[in-house]
Amino acid sequence: MGRMLALAARNLGFKIAVLDPTPNSPCGQIADMEITAPFNDVEALQRLAKISDVLTFEFENIDADALDQLTGNPYIPQGTDILRITQDRVLEKQAIEKSGVKVVPFEVIASFEDLRQAISKLGYPSVLKTARGGYDGKGQLVIRDKGDLAKGSELLSHGVCVLESFIPFQKEISVIVTRKLDGSIRVFPVAENIHVNNILHQSIVPARINENTQIHAIGSAVQLAESLQVVGTLAVEMFLLDQDDILVNELAPRPHNSGHFSIEACETSQFEQHIRAVCNWPLGHTELHSSAVMVNVLGQHLEPVIKALGNEPDWKVHIYGKREAKKDRKMGHITVLGEHPMEILEMLNQSNIWTEQTGDKKEKVDMK
Ligand code: AMP
């Protein structure tokens, strides 16, 4: 994410310094300067701040207190309130409720007794999630019946959790919205997201939804960005129910995997837009040039993707430069533009690279 953000900033003429715990990180590889340090290293953050006019982040699990301690007045337009909120599912859900947008029904769980009581309210199946630290389905447990309750203790040992109703959604969709300090806002087209094993697999844009749902989804994202006084990018992940009802699942205060399509498919990419917002430039237009399908390249897909590339002139390939291609690690993505997303999906499926995502999908998807 940092790499794509830095590449966009570079195109706009900025110089880039990056702080990352890993040396030669994907962003560090293309930055002018790389500071290797943990995200909570105040001294290192101060060094970064000293040489920077603007600081931005594209990862919510960084230390908000450490950022608050920065001296020398570096400009951090996104602020740290949004970090604190999105680092904690309880605060995040309360903030969504406060904005007036509907959130997945939930209960806060601090003890096993809380869990038992909450289950009697929300019923089976429900999803238990750690309030802090989870991503891509990590730190989550589907409680399908009484027999699964005991497994909840393990998650609870990591701290406070939330219990959510299991939502039998029709589709997952997301909206990425960018807002500036002066209140100006631009929204990207709604993406339809297909997750496999709780990891985003494909985004189809425009989402195959009716116009009312589109207006509803975009309106909800704008309402949230305004309520949270976002400066920069907010990604809003939503569940679409039957009858076109929408519930918000999760927020991310940064560019998002489901917005990668915008690099090739939109007038302005989500990365350029974020840089524009935090540098107080006018926001760009976000119109879609063409329908698009984005597919993630995980560790297990990297080699076959590289082998197949020579025969795929239409694949817009992004490889992130991560050192180790571990299973399920996001190593890159491919976007394919075209009038007919269904044909693109078919073509991607025929490549046999993502077979575990398609062939035996029912076996693998444990949340649905
Ligand atoms: P999350 O990390 O909360 O975004 O969850 C990852 C994925 O798990 C989501 O994109 C959904 O596919 C699935 N999921 C999470 N929460 C629920 C829920 N309450 N009901 C149904 N599916 C869920």
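1. Let us start with Asp148 and its surroundings. Leaving aside neighbours within four places in sequence, Asp148 is in contact (heavy atoms within 4.5 Å) with Leu141, Val142 and Ile143. This is a predicted model, in which local features need pLDDT of at least 70 and side-chain atom pairs count only at pLDDT 80 or more, while totals for chains, interfaces and linings use all residues. Residues are numbered from 1 along each chain as its sequence is written, and side-chain values use heavy atoms, with hydrogens and water left out.

2. Where does Asp148 lie? You will find Asp148 in the loop between strand E5 (140–143) and helix H7 (152–156); helices (H or I, at least four residues) and strands (E, at least two) are DSSP runs, numbered from the N terminus. With a relative accessibility of 11%, Asp148 counts as buried. Buried means under 20% relative accessible area, exposed over 50%, and partly exposed in between (1.4 Å probe, protein chains only).

3. The side chain of Asp148 has two partners to look at. One is the backbone nitrogen of Arg144, reached at 2.8 Å. The other is the side chain of Lys151, with which the Asp148 side chain makes a polar contact at 2.9 Å. A polar contact is a pair of N or O atoms within 3.5 Å; within protein, one must be able to donate a hydrogen and the other to accept it, and residues adjacent in sequence count only if both atoms are side-chain atoms.

4. Next, have a look at the ligand. Of the 17 residues around the ligand, Lys129, Gln140, Ile167, Glu172 and Glu250 come nearest; a residue belongs here if one of its heavy atoms lies within 4 Å. The side chain of Lys129 has an N or O atom 2.7 Å from an oxygen atom of the ligand. For Glu164, a side-chain N or O atom is 2.9 Å from a ligand nitrogen, and for Ile167 a backbone N or O atom lies 2.8 Å from a ligand nitrogen. The protein covers 98% of the 470 Å² of accessible area that the ligand has on its own.

5. Which elements give two or more residues to the shell around the ligand? They are strand E4 (126–130), E6 and strand E12 (246–252).

6. The structure also holds four aromatic pairs. In one of them, the ring centres of Phe169 and Phe239 are 4.8 Å apart and the planes stand at 15°, so the pair is stacked. Rings of Phe, Tyr and Trp (its six-membered ring) pair if their centres lie within 6.5 Å; planes under 30 degrees apart count as stacked, over 60 as edge-to-face and the rest as tilted. Phe169 sits in the loop between strand E6 (161–165) and strand E7 (171–179), and Phe239 in strand E11 (residues 232–240), so the pair ties together parts 70 residues apart in sequence. Phe169 is partly exposed at 23%, whereas Phe239 is buried at 9% relative accessibility.

7. Helix H5 (residues 89–99) is worth a visit too. Its buried residues are Arg89, Val90, Glu92, Lys93, Ala95, Ile96 and Ser99. Asp88 caps the N-terminal end of H5, with a side-chain oxygen 2.8 Å from the backbone nitrogen of Val90. Just after H5, Gly100 takes a positive phi of about 90°.

8. Finally, find Ser25 in the loop between strand E1 (17–20) and strand E2 (33–36). Ser25 is buried, with a relative accessible area of 2%.

Technical notes: Areas by Shrake-Rupley, 256 points an atom, 1.4 Å probe, with all protein chains shown as cover.
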